[in-house]
Amino acid sequence: MAQRPDRIAALIREVVSELIMRRLKDPRIGFASVVRVSVNKDLSQAKVYISVLGTDEEKEKTMEGLKSAQGLIRAEVSKALGIRHAPEIQFVLDDSIEYSIHISKLLSEIEEDEKKDKDKEEPELRQSKSVLILEHKKPDGDCIGSGLGLALGLLFLGKRVLLLSQDAHPSSYDFLPGQYLHRTISEMTSDPVSFDTVVFLDCTDPHRTGKCLNFAVGDMIINIDHHVSNSQYGDVCLVDPGASSTGELVFFLLKALGVPITGNIALCLYCAIASDTGGFRYQNTTARALWVGSELVEAGADPSRVADYLFETRSLSSLLLLRSALQTLTLHFGGKVASVEVTRDMVENSGSSFDETEGIINYPRSIEGVEVALCFKETPDGQGVDVSFRSKHRVDVAKIAESLGGGGHARAAGAFILGSLDQAKIKVFGVLSKEDI
């Protein structure tokens, strides 16, 4: 019985697909296909996910036509299943296939442009033999998971791949496969060498890679990112602020390149998406992100394992650091802003590292009534302060961070401020005082 919903979903997909292709004559229904069907446990409802190629207007008209035919479709499903009461049919627009086709088409157009430009000698993107993938400074879960997933995918295609970052990966990501493909700048013993392709991953601008920028020597520069503040640099821009994460973009890129999503690749990309969506809880958790997540689970990603490492496992030293940071917790602007601080002395006295500061900002953010949370972190060299911004609903912290030389997303951003902790706080609170919080 446990398999019955799956069997019924498969039958519904077959029936609905046949009806769309051969029997429904509604002129509003365009080029549509059934992506998948999900049926709930009591078999009372079925969600039919539809992909429609065309404009937004064509998509809207197709969905209207399908909804008008729901009675007929349900009757045909009932007949095919041999039951009196078929599940209630609900049509859901799914743009995942079209999105993948869009990326594939973009890659093809790029390669055609290369062929037409006879002055260029660089190989086509798909024919690159060597690829350098650059991560941003202090790489986070999205950057690390995306980088490892992309590196493993390109390795499958037989390319020589190097994943490079200025700073080491935090130990909390050691469970991800493909770490042998990663190096830090300090591990590089030779001068920069040229690659066919250099990929900037999750970087709003090339300088986000820090010292790695010196190694960005290649015939083609590819920019893969989901930040609204991306400067659109490079020969190829795969930039989509509507994506939940860079990991989501890499998933579609690998699909467009014909790379099978193996269990190891799935684990890396699922970690990337889960990290940037806060375990599929933040406002950037879209229907597409959830669909990609389900595809990655089908391919072998283990959600509980990822959740354990990302959200449920902490070292003793990190808890001691958290205790010290929370002692600095302060409310501002009538309780609408909350801040914490992390100093070099706190890190040293707790026996932790600056890598273990990730997640501290979630505590002030969780306070009832707080709209904006801040975490001020002294840099290891004492030259400045890294400021993390988070907001819940209304305030666009990306704009605030940009005004301070940083960037990010509407609900999560950051900036580096040269100077002391007190100087950084004066600058940040000065900007916040002008905001409607």
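# Reading a predicted chain, feature by feature

Analyst: Leu 43 lies in the loop between E1 and E2, and since this is a predicted model, everything said here about Leu 43 and the other residues describes computed values.

User: What is the phi of Leu 43, and is Leu 43 buried or exposed?

Analyst: Although Leu 43 is not a glycine, it has a positive phi of about 65°, and because its relative accessibility is 18%, under the 20% cut-off, it counts as buried. Phe 333 can be read in the same way: its place is in the loop between E10 and E11, and its phi, near 50°, is again a positive value in a residue other than glycine. At 36% relative accessibility, however, Phe 333 counts as partly exposed.

User: How should I read a helix, taking H1 as the case, and which of its residues are buried?

Analyst: One can begin with the length and then ask which way the residues point. Helix H1 (residues 4-23) has 20 residues, which at 1.5 Å a residue should span 28 Å, and its end C-alpha atoms are 27 Å apart, in agreement. The buried residues of H1 are Pro 5, Ile 8, Ala 9, Ile 12, Val 15, Val 16, Leu 19 and Ile 20. Seen down the axis of H1, these buried residues fall within an arc of 135°, so they line one face of the helix. The other side of H1 has the exposed residues Asp 6, Arg 7, Glu 14, Met 21 and Arg 22.

User: What do the buried residues of H1 pack against?

Analyst: They pack against several elements, including strand E1 (32-39), strand E2 (45-52) and helix H2 (56-68).

User: Where do the nonpolar residues gather, and which of them touch the most other members of the largest core?

Analyst: In soluble globular proteins, nonpolar side chains tend to be buried together. Here the largest nonpolar core has 49 residues, of which Ile 133, Leu 150, Leu 176, Ile 224 and Leu 296 touch the most other members. Helix H7 (residues 263-276) gives the most to this core, with 9 residues. A second, separate core of 27 residues includes Leu 24, Val 52, Ala 69 and Leu 81. Returning to Ile 224, and not counting residues up to four places away in sequence, one finds that it touches Leu 150, Phe 200, Leu 238 and Leu 253, among others.

User: How do I read a loop residue such as Thr 209, and is it buried or exposed?

Analyst: Place, cover and contacts can be taken in turn. Thr 209 is found in the loop between strand E7 (195-201) and strand E8 (218-225), and it is buried, with a relative accessible area of 0%. Leaving aside its neighbours within four places in sequence, Thr 209 has contacts that include Glu 135, His 136, Gln 166 and Phe 200.

User: Which residues does Pro 170 touch?

Analyst: Pro 170 has its place in the loop between strand E5 (160-165) and strand E6 (182-184), and at 7% relative accessibility it counts as buried. Not counting residues up to four places away in sequence, Pro 170 touches Pro 139, Ile 144 and Asp 355. The C-alpha atoms of Pro 170 and Phe 354 are separated by 9.2 Å, although these two residues are 184 residues apart along the chain.

Note on methods
Residues are numbered from 1 along each chain as its sequence is written. This is a predicted model: local features need pLDDT of at least 70, side-chain atom pairs count only at pLDDT 80 or more; totals for chains, interfaces and linings use all residues. Side-chain values use heavy atoms; hydrogens and water are left out. Helices (H or I, at least four residues) and strands (E, at least two) are DSSP runs, numbered from the N terminus. The expected span of a helix is 1.5 Å times one less than its number of residues. Buried means under 20% relative accessible area, exposed over 50%, partly exposed in between (1.4 Å probe, protein chains only). The arc is that of the directions from the helix axis to the C-beta atoms. Contact means heavy atoms within 4.5 Å. A nonpolar core is a set of buried Ala, Val, Leu, Ile, Met, Phe, Trp, Tyr and Cys residues joined through side-chain atoms within 4.5 Å.
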